[in-house]
Amino acid sequence: GLQPRHPVQLYEALFNFFLIWLANTTDKDPKQFAPGVRAAALIGLYCVGRFFLEFFKEYQIMNVGSWLNMGQIWSIIGFGLCAATAYSLARSPQESDSKTV
């Protein structure tokens, strides 16, 4: 129709540039995070951003009875998997810590 819409592609591009900036900023000290935790956290943050950006997209017909659309449901699942992965990797003992000299 003729109703104005949000430029969601621009919002997504700005959010992705923010994530790239955040990834570069947190890459200063390699020992700051356990291996894989930073990647899982960034992907989880992407899922959180994607969840909120889905509110601005045009409504999808396939989920008429739900207040969440399919992109939001997948974002929740993705965030849960990333959070579990980051938690598991952060709690696992490091190989360098377990070596004795």
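This is a predicted model: local features need pLDDT of at least 70, side-chain atom pairs count only at pLDDT 80 or more; totals for chains, interfaces and linings use all residues.
Reader: Why is G78 called buried?

Author: The relative accessible area of G78 is 16%, and because buried means under 20%, G78 falls in that class.

Reader: What makes the buried residues of α1 line one face of the helix?

Author: The buried residues of α1 are V8, F15, L19 and A23. Seen down the axis of α1, they fall within an arc of 85°, so they line one face. What covers them includes α2, residues 37-53, while the face turned away from the buried side carries the exposed residues L10, L14, F17, W21 and N24.

Reader: How do you know that the span of α1 is close to the one expected?

Author: Helix α1, residues 8-25, has 18 residues and reaches 25 Å from its first C-alpha to its last, which is close to the 26 Å expected at 1.5 Å a residue.

Reader: Why is the aromatic pair of F51 and F52 called edge-to-face?

Author: The ring centres of F51 and F52 are 5.3 Å apart, and because rings pair if their centres lie within 6.5 Å, the two form an aromatic pair.

Reader: Are F51 and F52 buried, partly exposed or exposed?

Author: F51 is buried, with a relative accessible area of 15%, whereas F52, at 48%, is partly exposed.

Technical notes: Residues are numbered from 1 along each chain as its sequence is written. Side-chain values use heavy atoms; hydrogens and water are left out. Buried means under 20% relative accessible area, exposed over 50%, partly exposed in between (1.4 Å probe, protein chains only). Helices (H or I, at least four residues) and strands (E, at least two) are DSSP runs, numbered from the N terminus. The expected span of a helix is 1.5 Å times one less than its number of residues. The arc is that of the directions from the helix axis to the C-beta atoms. Contact means heavy atoms within 4.5 Å. Rings of Phe, Tyr and Trp (its six-membered ring) pair if their centres lie within 6.5 Å; planes under 30 degrees apart count as stacked, over 60 as edge-to-face and the rest as tilted.
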